[in-house]
Amino acid sequence: MEIIIEEISRGQKLLHRHQLNKNTVRIGRDYNNDIILSDPHICPQHLDINFNDGVWTLTDKNTINGTFLENASNKKQSANQHIIEDGDIINLGKSQLRIVFRDHKVAPTVPFSAFENLIDLLRSPIALTLSIAIFIMVAGGVFYLNNPMESNLSQLLVSAIGMSLLFGVWPAAVALVSHLTKNDARVMAQLGVSFALFNLMWLSDLLENIVAFNTASHSVMLILINLVPIALTFTLLWLNSYIGFHMTAKRRMVTALGLTVLLFGGGYLVQYSNKPEFDPHPNYNATIMDPSFLLAPSSSVDDFVEQSKQLFIDAEKSIQEEE
């Protein structure tokens with residue numbers, strides 16, 4: 001009689017599937033078992049699954065940690081001499097097994113969504129190479145603008161590539177954690193999504209400078225544009241969780257939101273806590289932008305002088321009216 005035994009994680013993710021056609025299936029750590037589990041909390045001869053009189057029965061072989069049936073109430077229920085039903089989940093040690101029969105119904109096929117197709121596009125070698133190349137060029141340009149000393153192309157290239165490798169540590173680390181937790185690493189997808197979001201962060205930084213160049217320091221637009229990198233960081237963390245880990249939508253949202261608050265909240269607290277109304281040591285912003293970045297039309301010197309004179313005239317009139 002054929003039986004299918006699946007090794008699953010605590011999050012119900014399939015790790016291995018065994019399809020066996022025999023009346024007795026032996027499970028344990030010993031090498032003479034039909035299914036060998038490496039869990040140290042499992043006995044060498046832990047469990048037998050026997051087919052008799054048309055039913056499958058579990059037999060725990062007097063193990064140290066026992067064998068239990070997973071149930072909705074999360075109460076431990078011994079699985080010894082349990083008659084197996086299709087879809088039963090068995091806990092032994094720190095491992096889980098799900099037992100299904102050949103006529104077990106599978107879920108309908110899920111078509112790829114536009115969102116998943118976008119992730120596949122970003123992970124393609126051409127898109128990934130293009131994203132990294134854009135990142136390197138922008139990083140080199142930023143180093144050139146911020147470096148007070150004259151730099152040659154090789155120096156800029158070394159700095160830009162070094163920065164790219166530094167930023168690449170994050171998606172690589174996420175993929176490594178995903179692999180260690182027995183999820184799909186998907187290194188290329190992590191790199192593609194991360195560098196696409198990194199490039200959008202470069203763009204948001206440019207937009208922030210343009211808005212700051214065209215507005216007052218306490219403008220609402222400046223506050224709103226400062227929210228863009230926060231939103232991009234949240235999106236990056238959410239996508240990292242979506243690609244690399246099998247978790248519920250709520251848990252993914254809470255994880256991404258918590259990490260975003262941790263990254264930005266501490267910085268803003270340090271920046272704005274105990275800040276005096278008058279700063280005796282103001283920071284001078286020496287950023288000079290080309291006039292083409294000025295969105296509003298500028299006035300000539302003569303117009304500025306006339307407007308200033310008119311302000312004094314209006315102020316004198318207001319004083320005379322009050323008297």
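Me: Are Phe135 and Phe198 buried or exposed?

Reply: Both Phe135 and Phe198 are buried; buried means under 20% relative accessible area, exposed over 50%, and partly exposed in between, with a 1.4 Å probe and protein chains only. For Phe198 the relative accessible area is 7%. Before we go on, this is a predicted model, where local features need pLDDT of at least 70, side-chain atom pairs count only at pLDDT 80 or more, and totals for chains, interfaces and linings use all residues. Residues are numbered from 1 along each chain as its sequence is written, and side-chain values use heavy atoms, with hydrogens and water left out.

Me: Thanks! How many aromatic pairs does the structure hold?

Reply: There are 10 aromatic pairs. Rings of Phe, Tyr and Trp (its six-membered ring) pair if their centres lie within 6.5 Å; planes under 30 degrees apart count as stacked, over 60 as edge-to-face and the rest as tilted. In one of the pairs, the ring centres of Phe135 and Phe198 are 6.1 Å apart and the planes are at 55°, so this pair is tilted. The pair links distant parts of the chain, 63 residues apart, with Phe135 in helix α2 (residues 125-146) and Phe198 in helix α4. Helices (H or I, at least four residues) and strands (E, at least two) are DSSP runs, numbered from the N terminus.

Me: And why is the pair of Phe167 and Phe198 edge-to-face?

Reply: Because the planes of Phe167 and Phe198 are at 80°, with the ring centres 5.0 Å apart, that pair is edge-to-face. Phe167 sits in helix α3 and Phe198 in helix α4, so the contact ties together parts 31 residues apart in sequence. Phe167 itself is partly exposed, at 29% relative accessible area.

Me: Which residues form the aromatic cluster?

Reply: Phe135, Phe167, Phe195, Phe198 and Trp202 make up one aromatic cluster.

Me: Switching to charges: what lies over the face of Phe68?

Reply: That would be Lys76, at 4.9 Å from the ring centre. A charge sits over a ring if NZ of Lys or CZ of Arg is within 6 Å of the ring centre and within 35 degrees of the ring normal. Arg252 likewise lies over the face of Trp238, at 5.3 Å from the ring centre.

Me: Nice. How many salt bridges are there?

Reply: The structure holds five salt bridges, each a side-chain nitrogen of Lys or Arg within 4 Å of a carboxyl oxygen of Asp or Glu. One of them joins Glu6 and Arg17, whose closest N and O atoms are 2.9 Å apart. Glu6 is in strand β1 (residues 2-8) and Arg17 in strand β2 (residues 14-21), so parts 11 residues apart in sequence are tied together.

Me: Is Glu6 buried or exposed?

Reply: Glu6 is buried, at 7% relative accessibility, whereas Arg17 is exposed, at 52%.

Me: What else does Glu6 bridge to?

Reply: Arg98 forms a salt bridge with Glu6, at 2.7 Å between the closest N and O atoms. This pair links distant parts of the chain: Arg98 is in strand β10 (residues 95-100), 92 residues apart from Glu6 in strand β1.
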